Every structure is written in C-alpha cells, then in structure tokens.
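Below are some points on the aromatic contacts and the strand pairing in this model. Please read them with the coordinates open.

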Amino acid sequence: MAPPMSASRFLTVLKNEGVRVVEVGDWEHHNRNHVGPWGPVHGVMIHHTVTSGSERTVRICRNGYSGLPGPLCHGVITKDGRVHLVGYGRANHAGLGDDDVLRAVIAEKALPRDNEANTDGNRHFYGFECENLGDGEDPWPEAQLEAIERVSAAICRHHGWNQRSVIGHLEWQPGKVDPRGFTMAQMRERVRDRLK
C-alpha cells in the first residue's frame, strides 16, 4: 500500500523523468477529495479523451462537463507530448472497476478479464487522459506515446512498482475501450524497458 506522493513531489518526479510539464492553474489543489478518499494508490491508469484540439481537451479535463465535474485526471497528454497537470488528488477518471483487477495490479501479476464494476478506482489510480478521438484511426504520435511511457515509468520508479502497475481503462471497467490505437501490453513493454 502506497500513500500518494505530494503534489510537489509528483511534479519533481515527472520532471526528473524528462516529462515536458505544463502547470494549469492551481492544479495542486484542484481535486474531488471532498467526496471520498485519495489513496492508497496502486497504479497508473491510461485513457483516451475522444476529443481533438489540445486547448479544448485540457479545458474539458480540468473542468469536467455536465454530470461529471473535473478534474477528470491528473495530467492531460497532448499529441505534442506535453503533459498538462490539471488536478491532484481524487479525480473523476477511473470510476468503478473490477476488484480482481485491482488485486492483480497490487500483486503485479497478469490481469484477469474485467467483469465487475464494484471497486472505486478514483481512489487508487493516478490517471492520465490522452488527446485522441479513440476511433482506432486517429494517430498516436511518437512524442505522445513517449510521454505516456515517461509519466508511467516516473510514477512506478517513485513507488518501486514495475510495469504491471500500469493499466488501461479498458482493463479496469467492463465496456470501456480506452486507450484505443495501441495496446497496453506494448506500453507496458516500453515502461519495463525504461525502468531497467
């Protein structure tokens, strides 16, 4: 069980991994902690946004939308590979997911198929939304994939986790398809190689 790192430590950890960070407003104090706990943390969750346009995407992920208040993640990874920090603490990104998947992440074992939505993921995962239409055709530039790899490795390195602590939303919650356009197995290989 790992307590979340402080916001200042989070920023340092990302920068030390070579992440190009953009700080958006008072991101360090923008969260949903008033509705539930943040932590212990067990992993990193990757999403796609189903949006286009970096400025619009960052705004939506920071503020949320009708029915789902922001922040919708901790960082927004835009196509140019920059990571826009929009919140820190509990964020509306993971929702309810499978407790068997959480146990596998904690144990750093192969993930079972997600078939339940019974566990609060917003409490337990760092979340990154990635600017992409999610249609399987919108490209994933190498700069963006490298940024996903770097943020994931940075957090894993800090907590002493391996690549199995990095999952996609589609591996957590039944019915989700994100991220679409690359596989999480491929991304975990990249994270594993970076952590060597």
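1. Strand E10 (residues 166-168) and E2 run parallel and are joined by three bridges. Strands are DSSP runs of E with at least two residues, helices are runs of H or I with at least four, and both are numbered from the N terminus. Two strands count as paired if DSSP finds at least two bridges between them.

2. The model is predicted, so local features need pLDDT of at least 70 and side-chain atom pairs pLDDT 80 or more, while totals for chains, interfaces and linings use all residues. Residues are numbered from 1 along each chain as its sequence is written, and side-chain values use heavy atoms, with hydrogens and water left out.

3. E2 (residues 43-48) also pairs with E9, in the parallel sense and over six bridges.

4. Is E2 enclosed or open? Six of its six residues are buried, so E2 is largely enclosed by the rest of the structure. Buried means under 20% relative accessible area, exposed over 50%, and partly exposed in between (1.4 Å probe, protein chains only). Gly43, Met45 and His47 point one way from E2, Val44, Ile46 and His48 the other, and all are buried.

5. E9 is mostly covered too, with six of its six residues buried. Phe125, Gly127 and Glu129 lie on one side of E9, and Tyr126, Phe128 and Cys130 on the other.

6. The whole structure holds 10 aromatic pairs. The ring centres of Phe10 and Tyr126 are 6.0 Å apart and the planes are at 5°, so this pair is stacked. Phe10 belongs to helix H1 (residues 7-16) and Tyr126 to E9 (residues 125-130), so the pair ties together parts 116 residues apart in sequence. Rings of Phe, Tyr and Trp (its six-membered ring) pair if their centres lie within 6.5 Å; planes under 30 degrees apart are stacked, over 60 edge-to-face, and the rest tilted.

7. Phe10 is buried at 0% relative accessible area, and Tyr126 is buried at 0% as well. Ring pairs link both into a cluster with Trp27, Trp38, Tyr88, Phe128 and Trp161.
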